[in-house]
Amino acid sequence: MAKFTKLLSVLVSAFFVFAYSQTASAQSSASDSQEVANNLVTQQSAGAASAQVAGLVGSAVSAAIAPPPPPGGVAPVVGYKGNGTEYFNTRQLGVAAGGAPKGLGLWVQGGYTSMDGDDTGGEFDGNVINFLAGVDYKVRPTMVVGVAIGYEDLDIDTSFNNGTFEGEGYGITPYFGVALNDRWSLQMLAGWTTVEYDTTSNFGAITSTFDADRLYGSATVSGSFKVTNNIHIAPKASVLYLTEDQDGFTDSAGNVSAGSTIDLGRLSAGGTISYLAGKVTPFVRILGEYDFVKEDGVALGNGNFSSDDKAGLNATLGLNLNMGNGWSGNVEGTAATLLRENLDVYTVSGRVRYQW
């Protein structure tokens with residue numbers, strides 16, 4: 001009986017050792033698999049880049065619906081129907097009275113996003129730069145259609161595998177905005193970006209290159225309400241969806257990685273409060289976010305997984321600028337991942353627009 005018990009104990013122990021070894025070998029960590037590392041970084045960077053483009057284009061759509069103020073001053077803030085309300089959001093505060101005539105608009109806008117991931121076994125930091133140039137036309141005073149051409153540059157240091165993750169891409173984003181009534185408006189955009197990624201690991205000993213195509217779309221409903229002569233609020237609700245398809249590749253060490261797809265669906269709601277101060281209008285915007293589609297956490301080794309919080313806060317401080325003679329602008333800074341664990345994302349952006 002003792003021999004049988006001992007044999008049974010050995011067999012059980014061997015089974016658990018085998019099961020553990022199989023599980024460990026099946027869960028490639030970010031440090032020993034470039035494919036896993038790619039998923040870890042692009043889950044964050046693709047979402048940050050698409051959210052940034054959607055925000056920048058959405059800002060431009062808001063500015064497009066109304067003309068800039070007349071030279072030498074700021075006219076009363078009124079809406080298209082002259083009833084004390086405005087179309088679109090606070091980015092057209094202080095525009096000329098009487099609504100927006102048909103006209104051509106040109107704008108350029110840039111954004112710099114800093115990213116810092118602190119998950120154990122998945123540490124990385126770097127930045128995403130977006131530059132956009134757009135042109136639009138007012139089909140009628142309350143409707144605008146346009147298109148933006150964009151450039152994206154990604155530069156991330158992946159300390160978890162002693163490497164780097166870089167990307168460069170170009171994209172196009174058609175957009176549309178319309179006033180639904182004297183208080184509410186709708187903005188819609190859809191975009192495509194093609195990106196080439198270059199990675200290194202083990203201090204440059206292993207390299208790889210692969211391409212990806214990203215599709216994204218966003219729809220936003222914005223309100224506009226004047227509380228007092230100086231205080232204006234703009235509630236906002238939006239949905240963003242993106243999908244990025246990455247090609248498979250073979251790295252310089254001969255390791256084969258299959259293609260993968262990154263998906264993100266995000267709902268956001270909140271609003272902006274602005275103080276009408278003349279040519280310079282400061283504002284604060286707070287948005288709650290919920291990711292209704294999000295990739296699972298990535299295995300980082302030693303039983304650790306990357307954080308995959310589905311909810312967070314997005315907070316922005318900014319200034320809207322009325323420069324006269326057809327010129328307007330905007331500058332703002334955003335903390336994009338408040339209440340999300342182990343990930344800090346901050347963005348600064350600026351826009352200049354000329355309206356005929």
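I started at strands E12 (280-294) and E15 (311-324), each of which supplies at least two residues of the nonpolar patch. Strands here are DSSP runs of at least two residues, numbered from the N terminus. A nonpolar patch joins side chains of Val, Leu, Ile, Met, Phe, Trp or Tyr within 5 Å, from residues with over 30% relative accessible area and no salt bridge.

A note on what I am reading: this is a predicted model, where local features need pLDDT of at least 70, side-chain atom pairs count only at pLDDT 80 or more, and totals for chains, interfaces and linings use all residues. Residues are numbered from 1 along each chain as its sequence is written, and side-chain values use heavy atoms, without hydrogens and water.

Next I looked up the pairing of E12. Strand E11 (residues 260-275) runs antiparallel to E12, with 11 bridges; strands pair if DSSP finds at least two bridges between them. E12 and E15 are also antiparallel, joined by 11 bridges, and I found isoleucine 286 opposite alanine 315 in E15. Serine 268 has glutamate 289 in E12 as its bridge partner.

Then I followed glutamate 289, whose side chain meets arginine 340 in a salt bridge (3.4 Å, N to O). The cut-off is a side-chain nitrogen of Lys or Arg within 4 Å of a carboxyl oxygen of Asp or Glu. Glutamate 289 is buried at 10% relative accessible area, and arginine 340 is buried at 10% too; buried means under 20%, exposed over 50%, partly exposed in between (1.4 Å probe, protein chains only).

Last, I noted that Arg266, Glu289, Asp291, Lys294 and Arg340 are linked in a salt-bridge network.

Methods
Helices (H or I, at least four residues) and strands (E, at least two) are DSSP runs, numbered from the N terminus.
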